Amino acid sequence: MSSSVSVPRLVIAAPSSGSGKTTVATGLMAAFAARGLVVSPHKVGPDYIDPGYHALATGRVGRNLDAYLCGSELVGPLFAHGARGCDIAVVEGVMGLYDGAAGEGELASTAHVAKLLRAPVVLVVDASSQSRSVAALVHGFASWDPEVRVGGVILNKVASDRHEELLREALDSAGVPVLGVLRRVAQVDTPSRHLGLVPVAERRAEAVDAVAAMAAQVSAGCDLEALVELARGAGALSCAAWDAAEVLGSSPPPPLPVPTLGAAPPDPRFRPEGPRPQTPDGLVVAVAGGSAFTFSYAEHAELLTAAGAVVVPFDPLRDEQLPEGTLGLVIGGGFPEVYASELSANEPLRKAIGELALSGAPVAAECAGLLYLCRELDGLPMCGVLDASARMSERLTLGYRDAVAVSDSALAVAGTRMRGHEFHRTVVEPGSGAAPAWGVRAPQRRVEGFVQQGVHASYVHTHWASQPGVARRFVERCRTS
(Lines give C-alpha, C1' and ligand atoms only; values in the text may rest on other atoms or scores of the structure.)
Protein backbone atom coordinates (compact mmCIF):
# COMPACT_ATOMS: atom_id res chain seq x y z
CA MET A 1 0.00 0.00 0.00
CA SER A 2 1.36 3.41 -0.97
CA SER A 3 2.44 5.71 1.87
CA SER A 4 2.49 8.84 -0.26
CA VAL A 5 -0.41 10.69 -1.90
CA SER A 6 0.25 12.99 -4.84
CA VAL A 7 -3.28 13.71 -6.10
CA PRO A 8 -3.58 17.38 -7.21
CA ARG A 9 -5.95 19.11 -4.80
CA LEU A 10 -7.63 22.38 -3.90
CA VAL A 11 -9.49 23.57 -0.83
CA ILE A 12 -12.34 26.00 -1.56
CA ALA A 13 -12.76 28.35 1.41
CA ALA A 14 -14.33 31.72 2.22
CA PRO A 15 -14.16 34.48 4.83
CA SER A 16 -17.64 33.50 6.06
CA SER A 17 -20.67 31.36 5.34
CA GLY A 18 -22.86 32.59 2.51
CA SER A 19 -19.96 33.72 0.32
CA GLY A 20 -20.58 31.13 -2.39
CA LYS A 21 -18.35 28.17 -1.42
CA THR A 22 -20.89 25.52 -2.40
CA THR A 23 -21.59 27.10 -5.79
CA VAL A 24 -17.88 27.40 -6.60
CA ALA A 25 -16.83 24.02 -5.22
CA THR A 26 -19.68 22.09 -6.85
CA GLY A 27 -19.33 24.05 -10.07
CA LEU A 28 -15.58 23.37 -10.20
CA MET A 29 -16.12 19.66 -9.59
CA ALA A 30 -18.63 19.47 -12.43
CA ALA A 31 -16.52 21.64 -14.74
CA PHE A 32 -13.41 19.51 -14.17
CA ALA A 33 -15.44 16.33 -14.69
CA ALA A 34 -16.81 17.73 -17.97
CA ARG A 35 -13.20 18.09 -19.13
CA GLY A 36 -12.66 14.39 -18.64
CA LEU A 37 -10.92 14.55 -15.26
CA VAL A 38 -11.78 12.02 -12.56
CA VAL A 39 -12.68 14.27 -9.63
CA SER A 40 -12.64 13.28 -5.96
CA PRO A 41 -15.19 15.34 -3.97
CA HIS A 42 -14.77 16.14 -0.28
CA LYS A 43 -16.42 18.33 2.35
CA VAL A 44 -14.88 19.66 5.57
CA GLY A 45 -16.95 18.97 8.66
CA PRO A 46 -20.07 16.96 9.47
CA ASP A 47 -22.22 18.21 6.57
CA TYR A 48 -24.35 15.46 4.95
CA ILE A 49 -26.15 17.49 2.28
CA ASP A 50 -23.41 19.18 0.25
CA PRO A 51 -21.70 15.82 -0.47
CA GLY A 52 -24.87 14.76 -2.31
CA TYR A 53 -24.45 17.67 -4.73
CA HIS A 54 -20.73 16.89 -5.01
CA ALA A 55 -21.54 13.29 -5.92
CA LEU A 56 -23.97 14.46 -8.58
CA ALA A 57 -21.25 16.73 -10.02
CA THR A 58 -18.56 14.05 -10.13
CA GLY A 59 -20.25 10.65 -10.26
CA ARG A 60 -18.26 9.62 -7.17
CA VAL A 61 -19.18 9.29 -3.51
CA GLY A 62 -19.06 12.60 -1.64
CA ARG A 63 -16.90 12.16 1.47
CA ASN A 64 -16.42 14.18 4.64
CA LEU A 65 -13.15 15.18 6.29
CA ASP A 66 -13.78 15.99 9.94
CA ALA A 67 -10.78 16.46 12.20
CA TYR A 68 -13.01 16.64 15.29
CA LEU A 69 -15.09 13.50 14.76
CA CYS A 70 -12.28 11.36 13.33
CA GLY A 71 -9.15 12.98 14.74
CA SER A 72 -6.48 14.89 12.85
CA GLU A 73 -4.54 11.70 12.17
CA LEU A 74 -7.34 10.26 10.00
CA VAL A 75 -7.91 13.27 7.73
CA GLY A 76 -5.07 12.38 5.37
CA PRO A 77 -5.84 8.63 5.20
CA LEU A 78 -9.57 9.22 4.63
CA PHE A 79 -8.76 11.75 1.92
CA ALA A 80 -6.37 9.31 0.24
CA HIS A 81 -9.03 6.59 0.41
CA GLY A 82 -11.57 8.76 -1.38
CA ALA A 83 -9.07 10.12 -3.90
CA ARG A 84 -7.74 6.74 -5.07
CA GLY A 85 -7.42 6.72 -8.85
CA CYS A 86 -8.48 10.34 -9.26
CA ASP A 87 -6.94 13.09 -11.38
CA ILE A 88 -7.82 15.95 -9.02
CA ALA A 89 -9.57 16.49 -5.68
CA VAL A 90 -11.74 19.43 -4.65
CA VAL A 91 -12.42 19.99 -0.94
CA GLU A 92 -15.25 22.34 0.03
CA GLY A 93 -14.62 24.12 3.31
CA VAL A 94 -16.99 24.89 6.16
CA MET A 95 -18.05 28.28 7.56
CA GLY A 96 -15.21 30.84 7.46
CA LEU A 97 -11.66 29.69 6.68
CA TYR A 98 -10.47 29.84 10.29
CA ASP A 99 -13.73 28.87 12.04
CA GLY A 100 -13.41 25.54 13.87
CA ALA A 101 -14.98 23.64 16.75
CA ALA A 102 -16.14 26.05 19.45
CA GLY A 103 -13.48 26.62 22.09
CA GLU A 104 -10.98 24.35 20.30
CA GLY A 105 -8.89 26.87 18.37
CA GLU A 106 -8.27 25.82 14.77
CA LEU A 107 -9.46 22.22 15.29
CA ALA A 108 -11.76 21.03 12.47
CA SER A 109 -11.59 24.37 10.65
CA THR A 110 -11.06 24.56 6.91
CA ALA A 111 -7.61 26.01 7.56
CA HIS A 112 -6.75 23.06 9.82
CA VAL A 113 -7.80 20.53 7.19
CA ALA A 114 -5.96 22.43 4.44
CA LYS A 115 -2.76 22.22 6.48
CA LEU A 116 -3.26 18.52 7.19
CA LEU A 117 -3.71 17.95 3.44
CA ARG A 118 -0.89 20.32 2.43
CA ALA A 119 -3.35 21.78 -0.05
CA PRO A 120 -3.55 25.29 -1.50
CA VAL A 121 -6.62 27.33 -0.62
CA VAL A 122 -8.80 29.24 -3.05
CA LEU A 123 -10.67 32.01 -1.22
CA VAL A 124 -14.19 32.77 -2.46
CA VAL A 125 -14.98 36.39 -1.61
CA ASP A 126 -18.39 38.03 -1.74
CA ALA A 127 -17.28 41.27 -3.42
CA SER A 128 -20.64 43.02 -3.35
CA SER A 129 -20.61 46.46 -1.72
CA GLN A 130 -16.82 46.80 -1.69
CA SER A 131 -13.93 47.66 -3.98
CA ARG A 132 -10.49 48.54 -2.58
CA SER A 133 -11.36 47.05 0.81
CA VAL A 134 -11.28 43.59 -0.76
CA ALA A 135 -7.48 43.81 -0.78
CA ALA A 136 -7.36 44.32 3.00
CA LEU A 137 -9.72 41.42 3.55
CA VAL A 138 -7.77 39.03 1.32
CA HIS A 139 -4.42 40.18 2.72
CA GLY A 140 -5.66 39.53 6.25
CA PHE A 141 -6.84 36.00 5.47
CA ALA A 142 -3.70 35.18 3.47
CA SER A 143 -1.31 36.38 6.16
CA TRP A 144 -3.13 35.28 9.33
CA ASP A 145 -1.51 31.83 9.40
CA PRO A 146 1.72 31.44 7.39
CA GLU A 147 1.13 27.66 7.20
CA VAL A 148 -2.06 28.22 5.20
CA ARG A 149 -1.28 28.86 1.54
CA VAL A 150 -3.94 31.05 -0.06
CA GLY A 151 -3.11 30.44 -3.70
CA GLY A 152 -5.80 32.54 -5.32
CA VAL A 153 -9.13 34.27 -4.97
CA ILE A 154 -12.44 33.93 -6.79
CA LEU A 155 -14.56 37.09 -6.64
CA ASN A 156 -18.28 36.43 -6.34
CA LYS A 157 -21.26 38.74 -6.90
CA VAL A 158 -19.32 41.24 -9.01
CA ALA A 159 -21.69 43.90 -10.34
CA SER A 160 -20.06 45.12 -13.59
CA ASP A 161 -16.92 45.37 -15.68
CA ARG A 162 -15.99 48.57 -13.84
CA HIS A 163 -16.49 46.87 -10.47
CA GLU A 164 -14.26 44.00 -11.61
CA GLU A 165 -11.59 46.45 -12.76
CA LEU A 166 -11.53 48.16 -9.34
CA LEU A 167 -11.33 44.83 -7.52
CA ARG A 168 -8.51 43.50 -9.67
CA GLU A 169 -6.56 46.75 -9.31
CA ALA A 170 -6.86 46.57 -5.51
CA LEU A 171 -5.85 42.91 -5.38
CA ASP A 172 -2.70 43.52 -7.41
CA SER A 173 -1.22 44.99 -4.23
CA ALA A 174 -2.27 42.01 -2.10
CA GLY A 175 -0.13 39.54 -4.04
CA VAL A 176 -2.92 36.99 -4.42
CA PRO A 177 -3.94 36.20 -8.02
CA VAL A 178 -7.56 36.47 -9.13
CA LEU A 179 -8.51 33.06 -10.53
CA GLY A 180 -12.13 33.80 -11.26
CA VAL A 181 -14.86 36.43 -11.33
CA LEU A 182 -18.53 35.50 -10.99
CA ARG A 183 -21.11 38.09 -11.86
CA ARG A 184 -24.00 39.02 -9.60
CA VAL A 185 -26.76 36.79 -11.00
CA ALA A 186 -29.91 35.17 -9.73
CA GLN A 187 -28.97 32.52 -7.20
CA VAL A 188 -28.64 29.00 -8.55
CA ASP A 189 -31.76 27.05 -7.59
CA THR A 190 -30.68 25.21 -4.44
CA PRO A 191 -33.63 25.63 -2.05
CA SER A 192 -33.14 25.50 1.70
CA ARG A 193 -35.27 24.72 4.73
CA HIS A 194 -34.82 24.34 8.50
CA LEU A 195 -31.51 22.40 8.38
CA GLY A 196 -29.95 23.77 5.18
CA LEU A 197 -30.11 22.77 1.52
CA VAL A 198 -32.74 20.28 0.40
CA PRO A 199 -30.89 16.97 -0.24
CA VAL A 200 -30.33 15.67 -3.75
CA ALA A 201 -32.39 12.53 -3.07
CA GLU A 202 -35.49 14.71 -2.62
CA ARG A 203 -35.12 16.75 -5.81
CA ARG A 204 -33.05 14.73 -8.23
CA ALA A 205 -34.15 16.37 -11.51
CA GLU A 206 -33.95 19.90 -10.12
CA ALA A 207 -30.60 19.13 -8.49
CA VAL A 208 -29.18 17.98 -11.83
CA ASP A 209 -30.21 21.32 -13.34
CA ALA A 210 -28.76 23.24 -10.40
CA VAL A 211 -25.39 21.50 -10.67
CA ALA A 212 -25.32 22.13 -14.42
CA ALA A 213 -25.99 25.82 -13.77
CA MET A 214 -23.17 25.97 -11.21
CA ALA A 215 -20.80 24.32 -13.69
CA ALA A 216 -21.73 26.76 -16.44
CA GLN A 217 -21.28 29.77 -14.16
CA VAL A 218 -17.88 28.60 -12.90
CA SER A 219 -16.64 27.56 -16.36
CA ALA A 220 -17.52 30.96 -17.78
CA GLY A 221 -16.01 32.98 -14.94
CA CYS A 222 -12.98 31.03 -13.73
CA ASP A 223 -9.56 30.22 -15.14
CA LEU A 224 -9.82 26.43 -14.99
CA GLU A 225 -6.30 25.89 -16.33
CA ALA A 226 -4.80 28.10 -13.63
CA LEU A 227 -6.83 26.29 -10.96
CA VAL A 228 -5.59 22.90 -12.18
CA GLU A 229 -2.00 24.20 -12.11
CA LEU A 230 -2.51 25.45 -8.57
CA ALA A 231 -3.86 22.03 -7.55
CA ARG A 232 -0.83 20.34 -9.10
CA GLY A 233 1.40 22.41 -6.86
CA ALA A 234 0.14 20.66 -3.74
CA GLY A 235 2.96 18.84 -1.99
CA ALA A 236 3.07 15.08 -1.59
CA LEU A 237 1.09 13.85 1.40
CA SER A 238 2.86 11.23 3.50
CA CYS A 239 0.18 8.82 4.63
CA ALA A 240 -1.37 5.48 3.74
CA ALA A 241 -4.91 5.39 2.42
CA TRP A 242 -7.55 4.30 4.92
CA ASP A 243 -8.90 0.82 4.21
CA ALA A 244 -11.93 -0.64 5.98
CA ALA A 245 -10.74 -4.25 5.82
CA GLU A 246 -7.29 -3.33 7.05
CA VAL A 247 -8.45 -1.28 10.02
CA LEU A 248 -10.73 -4.15 11.04
CA GLY A 249 -7.87 -6.60 10.62
CA SER A 250 -9.96 -8.76 8.32
CA SER A 251 -9.42 -10.15 4.87
CA PRO A 252 -10.90 -8.10 2.02
CA PRO A 253 -14.67 -8.61 1.63
CA PRO A 254 -16.15 -10.07 -1.56
CA PRO A 255 -16.59 -7.52 -4.38
CA LEU A 256 -20.09 -6.34 -3.49
CA PRO A 257 -21.44 -2.86 -4.29
CA VAL A 258 -21.21 -0.50 -1.33
CA PRO A 259 -24.09 1.99 -1.09
CA THR A 260 -23.45 5.64 -0.34
CA LEU A 261 -26.30 5.79 2.17
CA GLY A 262 -27.70 9.05 0.91
CA ALA A 263 -24.42 10.86 0.12
CA ALA A 264 -24.76 10.19 -3.61
CA PRO A 265 -27.65 10.10 -6.07
CA PRO A 266 -29.79 6.94 -6.03
CA ASP A 267 -28.06 4.09 -7.84
CA PRO A 268 -30.18 1.32 -9.38
CA ARG A 269 -27.39 -1.20 -8.73
CA PHE A 270 -28.42 -1.23 -5.09
CA ARG A 271 -31.96 -2.42 -5.90
CA PRO A 272 -31.03 -5.44 -8.07
CA GLU A 273 -33.50 -7.74 -9.70
CA GLY A 274 -33.38 -11.39 -8.67
CA PRO A 275 -31.63 -12.86 -5.60
CA ARG A 276 -29.79 -10.42 -3.38
CA PRO A 277 -26.00 -10.86 -2.99
CA GLN A 278 -25.05 -13.06 -0.05
CA THR A 279 -21.95 -13.48 2.04
CA PRO A 280 -21.07 -17.06 3.01
CA ASP A 281 -23.16 -16.79 6.18
CA GLY A 282 -25.88 -14.67 4.53
CA LEU A 283 -25.67 -11.89 7.13
CA VAL A 284 -27.82 -9.01 5.89
CA VAL A 285 -27.72 -5.56 7.49
CA ALA A 286 -30.54 -3.35 6.22
CA VAL A 287 -29.81 0.37 5.92
CA ALA A 288 -32.58 2.96 5.67
CA GLY A 289 -32.30 5.31 2.70
CA GLY A 290 -34.54 7.16 0.28
CA SER A 291 -35.70 10.74 0.67
CA ALA A 292 -36.44 10.55 4.40
CA PHE A 293 -33.07 9.13 5.51
CA THR A 294 -30.21 10.75 3.60
CA PHE A 295 -27.63 11.39 6.35
CA SER A 296 -24.77 8.96 6.80
CA TYR A 297 -21.11 8.46 6.03
CA ALA A 298 -19.99 6.17 3.20
CA GLU A 299 -17.36 4.64 5.46
CA HIS A 300 -20.09 3.10 7.66
CA ALA A 301 -21.29 0.83 4.86
CA GLU A 302 -17.69 0.01 3.94
CA LEU A 303 -16.89 -0.99 7.52
CA LEU A 304 -20.03 -3.14 7.82
CA THR A 305 -19.14 -4.87 4.55
CA ALA A 306 -15.55 -5.43 5.67
CA ALA A 307 -16.87 -6.91 8.92
CA GLY A 308 -18.74 -9.54 6.90
CA ALA A 309 -22.19 -8.12 6.32
CA VAL A 310 -24.15 -7.68 3.12
CA VAL A 311 -25.38 -4.09 3.28
CA VAL A 312 -28.80 -3.80 1.66
CA PRO A 313 -30.53 -0.40 1.43
CA PHE A 314 -34.29 -0.01 1.67
CA ASP A 315 -36.63 2.97 1.46
CA PRO A 316 -39.09 3.35 4.36
CA LEU A 317 -41.28 5.53 2.13
CA ARG A 318 -41.72 2.75 -0.47
CA ASP A 319 -40.78 -0.66 0.94
CA GLU A 320 -43.36 -2.42 3.08
CA GLN A 321 -40.95 -5.07 4.34
CA LEU A 322 -37.33 -5.18 5.43
CA PRO A 323 -34.88 -6.83 3.01
CA GLU A 324 -35.08 -10.61 3.08
CA GLY A 325 -32.86 -12.15 5.73
CA THR A 326 -32.31 -8.92 7.71
CA LEU A 327 -30.40 -9.60 10.91
CA GLY A 328 -29.48 -6.01 11.76
CA LEU A 329 -30.80 -2.54 11.00
CA VAL A 330 -29.12 0.86 10.63
CA ILE A 331 -31.27 4.01 10.43
CA GLY A 332 -29.23 7.16 10.00
CA GLY A 333 -30.19 10.82 9.91
CA GLY A 334 -32.47 12.71 7.58
CA PHE A 335 -35.84 14.40 7.55
CA PRO A 336 -38.56 12.10 8.93
CA GLU A 337 -40.39 15.22 10.13
CA VAL A 338 -40.90 16.24 6.49
CA TYR A 339 -42.23 12.79 5.58
CA ALA A 340 -44.00 11.92 8.82
CA SER A 341 -47.35 11.26 7.13
CA GLU A 342 -45.88 8.88 4.54
CA LEU A 343 -43.74 7.08 7.12
CA SER A 344 -46.73 6.68 9.41
CA ALA A 345 -48.90 5.40 6.56
CA ASN A 346 -46.43 2.57 5.86
CA GLU A 347 -47.82 0.46 8.69
CA PRO A 348 -46.47 -2.92 7.45
CA LEU A 349 -42.87 -1.67 7.59
CA ARG A 350 -43.37 -0.01 10.98
CA LYS A 351 -44.66 -3.32 12.29
CA ALA A 352 -41.74 -5.24 10.74
CA ILE A 353 -39.21 -2.92 12.37
CA GLY A 354 -40.98 -3.24 15.71
CA GLU A 355 -40.87 -7.03 15.48
CA LEU A 356 -37.19 -7.00 14.52
CA ALA A 357 -36.33 -4.79 17.50
CA LEU A 358 -38.47 -6.95 19.83
CA SER A 359 -36.54 -10.03 18.70
CA GLY A 360 -33.34 -8.51 20.10
CA ALA A 361 -31.69 -7.92 16.72
CA PRO A 362 -29.16 -5.05 16.66
CA VAL A 363 -30.67 -1.72 15.61
CA ALA A 364 -28.48 1.41 15.36
CA ALA A 365 -30.46 4.65 14.99
CA GLU A 366 -29.10 8.20 14.84
CA CYS A 367 -31.19 11.38 15.00
CA ALA A 368 -33.84 10.77 12.30
CA GLY A 369 -33.62 7.08 13.13
CA LEU A 370 -34.31 7.93 16.77
CA LEU A 371 -37.45 9.84 15.78
CA TYR A 372 -38.65 6.99 13.57
CA LEU A 373 -38.32 4.48 16.42
CA CYS A 374 -40.42 6.63 18.77
CA ARG A 375 -44.05 5.99 19.59
CA GLU A 376 -45.09 9.07 17.61
CA LEU A 377 -43.71 12.04 15.67
CA ASP A 378 -45.78 15.22 15.70
CA GLY A 379 -48.77 13.14 16.78
CA LEU A 380 -48.43 10.55 14.01
CA PRO A 381 -47.71 6.89 14.84
CA MET A 382 -44.14 5.72 14.21
CA CYS A 383 -42.52 2.35 14.91
CA GLY A 384 -43.25 2.32 18.64
CA VAL A 385 -39.95 0.68 19.54
CA LEU A 386 -39.19 3.41 22.10
CA ASP A 387 -41.68 4.63 24.69
CA ALA A 388 -41.03 8.24 23.73
CA SER A 389 -42.69 11.00 21.74
CA ALA A 390 -40.98 13.28 19.20
CA ARG A 391 -42.02 16.69 17.92
CA MET A 392 -40.71 19.61 15.91
CA SER A 393 -39.21 22.52 17.86
CA GLU A 394 -38.33 26.14 17.12
CA ARG A 395 -34.95 25.65 18.77
CA LEU A 396 -31.94 24.52 16.74
CA THR A 397 -29.64 22.08 18.54
CA LEU A 398 -26.23 22.19 16.89
CA GLY A 399 -22.69 21.36 17.85
CA TYR A 400 -19.95 18.83 18.39
CA ARG A 401 -20.23 16.48 21.35
CA ASP A 402 -17.75 14.53 23.45
CA ALA A 403 -19.63 11.36 24.31
CA VAL A 404 -19.06 8.30 26.47
CA ALA A 405 -21.16 5.14 26.24
CA VAL A 406 -23.23 4.85 29.42
CA SER A 407 -24.63 1.37 28.76
CA ASP A 408 -23.35 -1.76 27.05
CA SER A 409 -24.97 -1.94 23.61
CA ALA A 410 -24.76 -3.51 20.17
CA LEU A 411 -22.36 -0.69 19.23
CA ALA A 412 -20.06 -0.29 22.20
CA VAL A 413 -19.25 -1.37 25.74
CA ALA A 414 -19.93 1.10 28.53
CA GLY A 415 -17.06 3.55 28.88
CA THR A 416 -16.27 3.73 25.16
CA ARG A 417 -15.49 7.32 24.20
CA MET A 418 -16.47 8.80 20.86
CA ARG A 419 -16.90 12.25 19.42
CA GLY A 420 -20.18 13.12 17.77
CA HIS A 421 -22.33 15.90 16.38
CA GLU A 422 -25.92 17.02 16.95
CA PHE A 423 -27.98 18.90 14.35
CA HIS A 424 -31.77 18.99 14.69
CA ARG A 425 -34.89 21.04 15.36
CA THR A 426 -36.81 18.35 17.16
CA VAL A 427 -37.33 17.24 20.75
CA VAL A 428 -37.77 13.70 22.09
CA GLU A 429 -39.54 13.27 25.43
CA PRO A 430 -38.18 11.69 27.54
CA GLY A 431 -34.71 12.43 26.27
CA SER A 432 -33.26 9.17 27.59
CA GLY A 433 -34.37 5.74 28.67
CA ALA A 434 -33.68 3.61 31.73
CA ALA A 435 -30.39 2.69 30.05
CA PRO A 436 -29.13 5.83 28.24
CA ALA A 437 -26.95 5.63 25.15
CA TRP A 438 -24.45 8.42 25.80
CA GLY A 439 -23.26 10.80 28.45
CA VAL A 440 -22.21 14.12 26.93
CA ARG A 441 -20.25 16.98 28.49
CA ALA A 442 -21.32 19.98 26.44
CA PRO A 443 -23.14 22.30 26.24
CA GLN A 444 -24.09 20.81 29.63
CA ARG A 445 -23.53 17.47 31.31
CA ARG A 446 -26.41 15.11 30.56
CA VAL A 447 -27.32 11.64 29.46
CA GLU A 448 -29.28 11.04 26.29
CA GLY A 449 -30.58 8.31 24.03
CA PHE A 450 -31.84 4.79 24.56
CA VAL A 451 -30.34 1.31 24.87
CA GLN A 452 -32.82 -1.54 25.13
CA GLN A 453 -32.28 -5.12 24.00
CA GLY A 454 -30.36 -4.70 20.72
CA VAL A 455 -31.44 -1.09 20.10
CA HIS A 456 -29.03 1.86 20.32
CA ALA A 457 -30.88 5.10 19.51
CA SER A 458 -29.51 8.61 19.96
CA TYR A 459 -29.47 12.14 18.59
CA VAL A 460 -25.67 12.02 18.35
CA HIS A 461 -24.20 11.38 14.89
CA THR A 462 -20.88 9.55 15.03
CA HIS A 463 -18.25 8.65 12.42
CA TRP A 464 -17.38 4.97 12.78
CA ALA A 465 -13.97 5.39 11.15
CA SER A 466 -12.85 6.87 14.48
CA GLN A 467 -13.87 3.65 16.27
CA PRO A 468 -14.04 0.90 13.62
CA GLY A 469 -14.64 -1.70 16.31
CA VAL A 470 -18.20 -0.36 16.46
CA ALA A 471 -18.94 -1.93 13.07
CA ARG A 472 -17.34 -5.25 13.99
CA ARG A 473 -19.25 -5.41 17.29
CA PHE A 474 -22.51 -4.62 15.50
CA VAL A 475 -22.00 -7.38 12.93
CA GLU A 476 -20.95 -9.89 15.58
CA ARG A 477 -24.11 -9.12 17.52
CA CYS A 478 -26.10 -9.71 14.33
CA ARG A 479 -24.57 -13.18 14.19
CA THR A 480 -25.36 -14.07 17.78
CA SER A 481 -28.67 -12.30 18.49
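Q: What does the accessible surface of the protein chain come to, and what share of it belongs to carbon and sulfur atoms?
A: This is a predicted model, in which local features need pLDDT of at least 70 and side-chain atom pairs count only at pLDDT 80 or more, while totals for chains, interfaces and linings use all residues. Residues are numbered from 1 along each chain as its sequence is written, and side-chain values use heavy atoms, with hydrogens and water left out. By the Shrake-Rupley method with a 1.4 Å probe, where for residues only the protein chains shown count as cover, the surface is about 18,600 Å². The share of carbon and sulfur atoms is 51%.

Q: How many helices and strands are in the protein chain?
A: Helices (H or I, at least four residues) and strands (E, at least two) are DSSP runs, numbered from the N terminus. By that rule the protein chain has 14 helices and 24 strands.

Q: What percentage of the 481 residues in the protein chain is buried?
A: Buried means under 20% relative accessible area, exposed over 50%, and partly exposed in between (1.4 Å probe, protein chains only). With that cut-off, the buried part of the 481 residues is 59%.

Q: In what order do the 6 strands of the open sheet lie?
A: Two strands pair if DSSP finds at least two bridges between them. The pairing here is mixed, and the edge strands, each pairing on one side only, are E13 (310–314) and E22 (450–452). The order is E13-E12-E14-E15-E23-E22.

Q: Which residue in E23 is the bridge partner of Val-363?
A: E23 covers residues 455–458 and runs antiparallel to E22, joined by 3 bridges. With E15, strand E23 pairs in the parallel sense over 4 bridges. Gln-452 has Val-455 as its bridge partner in E23, and the partner of Val-363 is likewise Val-455.

Q: What angle does the direction of helix H12 make with that of E14?
A: Helix H12 (residues 347–358) packs on the sheet, touching E13, E14, E15 and E23. Axes are lines fitted to C-alpha atoms, for helices over the stretch in contact, and angles run from 0 to 180 degrees between N-to-C directions. Between H12 and E14 the angle is about 110°.

Q: At roughly what angle do the axes of H3 and H4 cross?
A: Two packed helices are described by the angle between their axes and the distance between those axes. Ser-72, Val-75, Gly-76 and Phe-79 in H3 meet His-112, Val-113, Leu-116 and Leu-117 in H4. The axes of H3 (residues 72–82) and H4 (residues 110–117) come within 9 Å, and they cross at roughly 65°.

Q: Is Asn-156 buried or exposed?
A: Asn-156 sits in strand E7 (residues 150–158). Contact means heavy atoms within 4.5 Å, and leaving aside neighbours within four places in sequence, Asn-156 is in contact with residues including Ser-19, Val-124 and Leu-182. Its relative accessible area is 8%, so Asn-156 is buried.

Q: What is the relative accessible area of Lys-157?
A: Lys-157 lies in strand E7, and its phi is near 60°, a positive value in a residue other than glycine. Lys-157 is partly exposed, because its relative accessible area is 31%.
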